[in-house]
Amino acid sequence: MSGEGKADSGRGSAAQSGGYSISSLIASGFSRYGLILALILLIVFLSITAENFFTVSNMMNILLQSSNIGIMAAGLTLVIICAEIDLSVASIQSMGAVVVALLLKEYGVPIVPAVIATLILGVILGGVSGVFVGWFAIPAFILTLAMDSLARGGALILTGEQSIFGLPEAFSVVGQGYLGPFPMAAVIMGVVFLAAHLILSRTVLGTNIYAVGGNKEAARVAGVNVFAVKLFVLVFSGFCGALAGVVMASRLMAAQAIMGMFDLMDVIAAVVIGGASLLGGEGRIIGTVIGTLIIACIRNGLNLLGIAADWQLLAVGAIIILAVLLDYVGKKRTA
Amino acid sequence: MTPSPSRQPESRPDGAAERLILDMRGIGKRFPGVVALDGVDFGVRPGEVHVLLGENGAGKSTMIKIIAGVVEKDTGEMVFEGGVIERCSPALTRELGISVIHQELSLVRLMDVKSNLFLGRDLRSANRLLGRLGVRDEAAMERRCREIFTELGIEVDPNAEVLNLSLSDMQFLEIAKAVAFDAKVILMDEPTSSLGPGEKEALFGVIERLTERGIGVVYVSHTLEDCLAIGDRISVLRDGRHVGTIGAENTDIDTLIRMMTGRTFSERYPRISGKMGEEVLEVRNFTQTGVFSDVSFRVKGGEILGFAGLVGAGRTDLFRALFGLERPDGGEVFIDGEPVRIRKPRDAIHHGLSFLTEDRKNQGVFPLLSVLENLLITLFNFGRESRSRKLTRLLGWVNGSGATHLSRDYVERLSIKVASLTDQIAQLSGGNQQKVLLARGISTGARIVILDEPTKGVDAGAKVEIYRILEELAQLGVAIIVISSELPEITAICNRIIVMNEGRITGEVLREDADAETIMRYATGTAA
Ligand SMILES: Nc1ncnc2c1ncn2[C@@H]1O[C@H](COP(=O)(O)OP(=O)(O)OP(=O)(O)O)[C@@H](O)[C@H]1O
Ligand SMILES: [Mg+2]
């Protein structure tokens with residue numbers, strides 16, 4: 001696989017620059033390396049202010065804590081590049097956590113079939129959204145908002161607002177185990193990121209996702225099966241949501257319908273900070289990876305600094321606005 | 001209102017005392033991998049039409065964009081009305097009185113004509129209070145709009161919705177807008193490529209009116225006849241260098257082509273033909289209410305069939321429907337004598353059809369994707385075909401070297417000017433984007449190739465190359481359908497020409513009997 005043809009077709013916003021004067025070079029350099037720079041600055045800042053921040057165990061902890069957000073962000077990146085949105089991922093996560101816990105605890109299903117069944121449920125929920133959005137052309141914003149409500153409501157009905165405890169000990173390996181020095185959950189996140197990256201950069205499906213997101217009409221004329229592409233991205237997102245739910249249930253060894261209520265915010269933030277355009281047609285997984293880490297560092301750092309959850313919510317909101325603003329300025333200068 | 005020039009320009013070495021409104025001196029511009037402009041001098045006198053000519057990728061649009069302030073020049077000097085413009089920006093050039101008529105029009109489609117004309121500088125009510133509150137003086141706007149239209153000889157209703165205007169009327173509105181903004185120089189980059197013959201005449205009339213007012217017009221086009229007819233002076237670019245500037249009355253088409261390409265062509269519109277075989281496609285009573293009705297025709301393998309007609313005759317709609325992009329209300333399609341149902345483009349491609357759209361920007365290119373992906377996307381999406389040609393492996397995994405090979409083949413065959421296959425297609429010049437789409441259209445090995453304005457924006461030399469490629473296909477037995485508004489083209493390259501008017505077929509001529517006059521008579525519906 002030489003991959004020459006696809007190595008860097010400028011799908012990131014950085015490569016869009018039109019002029020090549022000094023100022024635009026700086027601007028495009030900013031949008032290319034700015035994210036990494038921002039992450040490094042953030043780590044330096046938190047290392048200085050929070051004393052336990054820059055330790056190996058805390059770094060691993062950050063990876064662990066970011067894993068379910070990262071898994072969902074990988075799925076959402078594909079959806080957003082395709083110029084759609086999925087507002088239901090966080091609720092599908094809760095649904096997944098509740099279902100896998102119930103299967104293990106109440107119905108005594110062995111671990112592997114229980115996990116597989118949960119993932120299939122995620123695929124089905126994503127598939128329902130995909131069919132409505134892709135075939136009946138219902139705006140994803142409305143449809144996945146409804147799906148969000150359905151999944152959250154379903155999870156609540158299944159558990160009756162109770163927490164489910166006492167899951168089989170072996171199940172903890174997914175969310176609490178380690179592979180070498182790395183938390184298993186972070187390894188799973190890494191695999192999902194890698195898969196999403198390969199799909200986007202190395203397969204026809206990836207080209208189609210960018211094509212549909214960038215110019216849907218032209219994609220139809222060119223013989224792209226637009227419905228199949230939209231169905232796929234929403235199915236993939238549903239799958240990622242359910243997988244995140246399994247990871248979360250295993251990490252906490254418990255499940256509750258309202259857990260992860262505010263995760264949608266972090267997931268969207270990770271993708272948008274990562275540079276994917278909400279207008280579709282551009283974005284990269286590497287951006288989302290960094291976006292996820294930035295969000296995770298902020299959460300973790302604010303925790304270490306003893307800042308309450310409500311203020312954290314405020315901080316994340318402000319950071320999204322900042323990220324979008326920087327992106328806007330970068331684009332304006334390179335345009 | 002002119003921003004004060006910071007310094008006086010250096011006097012010209014040749015000391016020419018010619019009066020120029022706009023003087024571009026020694027302009028240089030580099031993009032990664034290409035020198036788009038290399039020390040080009042270009043000046044515009046008041047009241048002249050100055051044609052900018054050159055092959056695809058010669059640097060014409062880059063020059064226009066630099067003047068318009070959209071692209072920054074690397075070297076050189078821009079002098080406007082005697083003052084050096086140090087830093088150019090779109091806002092500044094507009095302020096100076098330089099207007100660009102872009103190919104993609106920038107009108108607000110949901111507003112009426114007069115509001116578009118005054119967009120951003122509405123005439124306020126004469127009543128001071130109401131004026132302060134931003135109440136518009138509709139009557140005054142309508143009056144002023146009519147004045148400008150009359151002056152330019154434009155016949156458009158100031159109260160019509162822009163969305164209901166024809167393409168040429170929209171273009172006139174753009175020009176009127178420039179005049180309303182007191183433009184001194186108007187730049188037109190391929191303004192005629194979507195106009196029919198009649199509309200083109202009207203445009204030329206308007207341009208003449210502009211020059212009478214002392215406005216300098218810069219005109220870019222690949223139709224050499226037009227350039228000679230409308231131009232006062234012609235500047236030729238080749239590979240970013242200025243080859244020369246001559247008066248239009250002192251030159252002819254052959255000279256211009258030699259200046260542009262360094263070569264001569266025996267024939268600009270060669271007669272091409274293929275190996276005629278069995279009938280492959282029959283369309284019977286195709287109808288879409290209000291768009292086209294009762295259209296029937298047949299095509300043989302190896303035949304080159306032309307569709308002529310005025311813009312709006314329904315030709316594009318007809319073939320969009322045939323290709324599954326639109327639902328017809330009635331009619332049948334037979335391929336190799338078998339009835340087929342085509343509901344979507346994928347069905348059409350399965351049945352061996354391919355379609356090159358005329359609307360490059362909206363229905364053709366993926367601006368953010370690479371040249372390679374733009375070229376191969378259709379093939380990629382037909383898995384078995386693309387695996388057998390070593391483009392993809394299992395699960396749609398792209399085989400990088402196979403894909404690079406094949407696209408490099410096409411790039412060479414069609415002489416597409418591109419620095420790297422991984423460049424975004426938006427970086428190519430217009431004509432080269434068109435060639436990439438043509439390559440996409442023929443890449444699938446279709447047996448029936450439908451081309452809607454295939455040489456739109458393509459230079460004279462490349463046109464001949466495209467005709468040769470069509471001939472090769474026809475020799476292989478491929479049926480080719482060409483929709484074209486360029487009469488010399490359609491009468492030369494097609495074996496047979498069907499003419500449409502207002503959604504109906506009004507005539508059919510063989511190449512032997514085809515002349516512009518007959519076709520125009522059918523096209524305007526004035527044939528007996
Ligand atoms: N943004 C860009 N980035 C990189 N290369 C560019 C960019 N814009 C133009 N070029 C290159 O500069 C050269 C000149 O392009 P330009 O668009 O000026 O050609 P043109 O004379 O207008 O051609 P056409 O007749 O096909 O419209 C081409 O080789 C083109 O690929
Ligand atoms: Mg051009």
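The structure is a predicted model, in which local features need pLDDT of at least 70 and side-chain atom pairs count only at pLDDT 80 or more, while totals for chains, interfaces and linings use all residues. Residues are numbered from 1 along each chain as its sequence is written, and chains are lettered from A and ligands numbered from 1 in the order in which they are written.

Chain B contains 19 helices and 20 strands (DSSP runs numbered from the N terminus, with H or I over at least four residues for helices and E over at least two for strands). Its radius of gyration, 25 Å, is close to the 24 Å given by the globule rule for 528 residues, so chain B is as compact as a globular protein of that length; the radius is taken over C-alpha atoms, and the rule is 2.2 Å times the number of residues to the power 0.38. The C-alpha trace of chain B spans about 70 × 50 × 50 Å along its principal axes. Of the 528 residues, 48% count as buried (20 or more other C-beta atoms within 10 Å of the residue's own, with C-beta atoms placed from the backbone).

Strand β1 (residues 22–31) of chain B runs antiparallel to strand β4 (residues 75–80) of chain B, joined by 5 bridges; strands pair if DSSP finds at least two bridges between them. Within this pair, Leu22(B) stands opposite Phe80(B). On to strand β5 (residues 83–85) of chain B, β4(B) makes 3 bridges, again antiparallel, and Met78(B) has Ile85(B) as its bridge partner. The hairpin of β4(B) and β5(B) has 2 residues between the strands, and Glu81(B) takes a positive phi near 45° there.

An open sheet of 6 strands has the order β6-β7-β8-β3-β9-β10 in chain B, with mixed pairing. Its edge strands, β6 (98–101) and β10 (241–247) of chain B, each pair on one side only. Strand β9 (residues 233–238) of chain B and β10(B) are antiparallel and joined by 6 bridges, with Arg233(B) partnered by Gly247(B).

Helix α1 (residues 60–68) of chain B lies across β3, β6, β7, β8 and β9 of chain B, at about 145° to β7(B) (angles run from 0 to 180 degrees between N-to-C directions of axes fitted to C-alpha atoms, for helices over the stretch in contact). In α1(B), 9 of the 9 residues are buried, and Gly69(B), with a positive phi near 85°, follows the helix.

Technical notes
A residue is buried if 20 or more other C-beta atoms lie within 10 Å of its own, exposed if 12 or fewer, and partly exposed in between; C-beta atoms are placed from the backbone. Two residues are in contact if their C-beta atoms, placed from the backbone, lie within 7 Å.
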